[in-house]
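Please read it alongside the model.

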Amino acid sequence: MLIKVLGFTLCTALWPAALLADSGQFLVFYKQDRKAISKVSIGPQTYLPVIDLLQFLDLPYSESASVGFVQITNGKNRLRLAKDDSQVIANDRKIALSAPVTIVKNQWLVPVDFLTKALDRTLDERIAISASGSAAVVGESDFTRFNVKVADKNKVLRLQASRPVSAEVRQLGSRVFFEFGNTPVDFTGSEGVQTAEWIRSIALEQSESANQLTIELASNVRPAKISHLSSQNAYTVEAVLQESTEAKSEASVELGRPASEAWKWRHITVDAGHGGPDRGVAIKQNTFEKDITLAIARKLRWALETRLGVTVVLSRAQDQALSLDDRIAAANLARSNLFISIHTGNLGNSTVADSFAYTAKWLAEENSATEAGNARSLFVPWWQAQRKSLTWSERLAECVQVEMNRALNGGQSLAFRRSPIKLLSALAMPAVLVEIGNARVPDFQAKVESEAFQNLVAATVAAAVEKFRPLYERP
């Protein structure tokens, strides 16, 4: 053993810099946060810079490269590392590692098994390593592991999780993204994917900026139908194959209709009101309208994609400043079939938390000069873009209001409202602004952050859109 250690020490001391390789990133999940740490390869051995790891875990330590030691403390626990030693001392107990601790380019490096063999004893918390060896979770029992299987005659892709997990699902072109935030997940394997021609690839991307499973679909697949089977800890992606041009033409001729492409919904924009320094209404301490609208918008996107099988895009997917003009331009340029903007109410003279749907309203020029001169106002004379879609916007608002009356307004018979809202007036598609509750009402303040309430709002609006779709979508 001594000869082996001496040999490794001599090799690392004389190792040419060209043989030291950056071998990618090692992702560490800890306390609802994650950090990517650079892996270093020396020959066949993979190392991690231990000081970077300790700083992320906020562990007190002392080190001396000249003396050749690092000491880590956590309450009464002590862990001591010595340069060129393959054993570390945890509370006076020696623990063998797969390779010696070393210093390269002024960095203390430890083998990956240092985490599970030694560091977890100091933390008194479990540390689990992913099956790929490229990630670790600290303090959780383990990773949520996904197994992928193609079933139902190769038409359905099933993502089976080892435990309950919530993913934010979105579709962008031919790609389906399952975003997991700071939930530690691992992709353990697949079955039948190679034989499914409608699936190009499946990949787990993990970094500080992304923690998602990406499914690349074939070009002949329309936006997929996605379902969340929460009781089974599973998601399913169902292939919807495009019909060939010849088949469409023959079918059209047989039915006596022109051989032209049917007009179907392809794109919906969900707008989370406010964002960045524009916080919107202060609902309670450290809770603002911009946070609630984004949370509901994300849930509504998931609900619409799973119910309707269309691509749903958020005007803002995070807390960022976004002007009204930017929101309008993005939806119009994308030729969205529908636009839904989420806000909260703010009526100081009301004691009820009713929800309303709004459409654009035409104001005569002489009645709107004051509003037009106020650049910061949301209410200005409308532009021309919404004129052709206003009738359909009002039909959509009716559907939304009926569903909100049933689910959110206690069965009242409230009517939707019309207002000269700049955001809606410039949109070239059916567009509504949905105002959820009243930020001044204590009952609303108490429930607005709950998952149950936000899910109810998303499901209510999605149900309204589902009822509106056959009225508006051309067969």
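Glutamate 403 and lysine 467 form a salt bridge, with N and O 2.6 Å apart. A salt bridge here is a side-chain nitrogen of Lys or Arg within 4 Å of a carboxyl oxygen of Asp or Glu. The pair connects distant parts of the chain, 64 residues apart: glutamate 403 lies in helix 8 (residues 390–407) and lysine 467 in helix 11 (residues 451–472). Helices (H or I, at least four residues) and strands (E, at least two) are DSSP runs, numbered from the N terminus.

Glutamate 403 is buried at 3% relative accessible area, whereas lysine 467 is exposed at 51%. The cut-offs are under 20% for buried, over 50% for exposed, and partly exposed in between (1.4 Å probe, protein chains only).

## Basis of the values

This is a predicted model: local features need pLDDT of at least 70, side-chain atom pairs count only at pLDDT 80 or more, and totals for chains, interfaces and linings use all residues. Residues are numbered from 1 along each chain as its sequence is written, and side-chain values use heavy atoms, leaving out hydrogens and water.

## Other salt bridges

The structure holds 19 salt bridges. Arginine 145 and aspartate 142 meet in one of them, at 2.8 Å from N to O. Arginine 145 is partly exposed, at 23%. Arg126, Asp142, Arg145 and Asp186 are linked in a network of salt bridges.

Lysine 117 pairs with aspartate 113 in a salt bridge, with the closest N and O atoms 3.2 Å apart. Lysine 117 is partly exposed at 34% relative accessibility. Aspartate 113 is buried at 16%.

## Helix 8

Helix 8 has 18 residues.

## Strand 22

How many residues of strand 22 (residues 267–272) are buried? Six of its six are. His267, Thr269 and Asp271 point one way, and Ile268, Val270 and Ala272 the other.

Strand 22 pairs in the parallel sense with strand 25 (residues 311–314) over four bridges. Strand 22 also pairs in the parallel sense with strand 26, over five bridges. Pairing requires at least two DSSP bridges between two strands. Threonine 269 stands opposite valine 313 in strand 25 and opposite phenylalanine 339 in strand 26.

Notes: Expected span 1.5 Å × (residues − 1).
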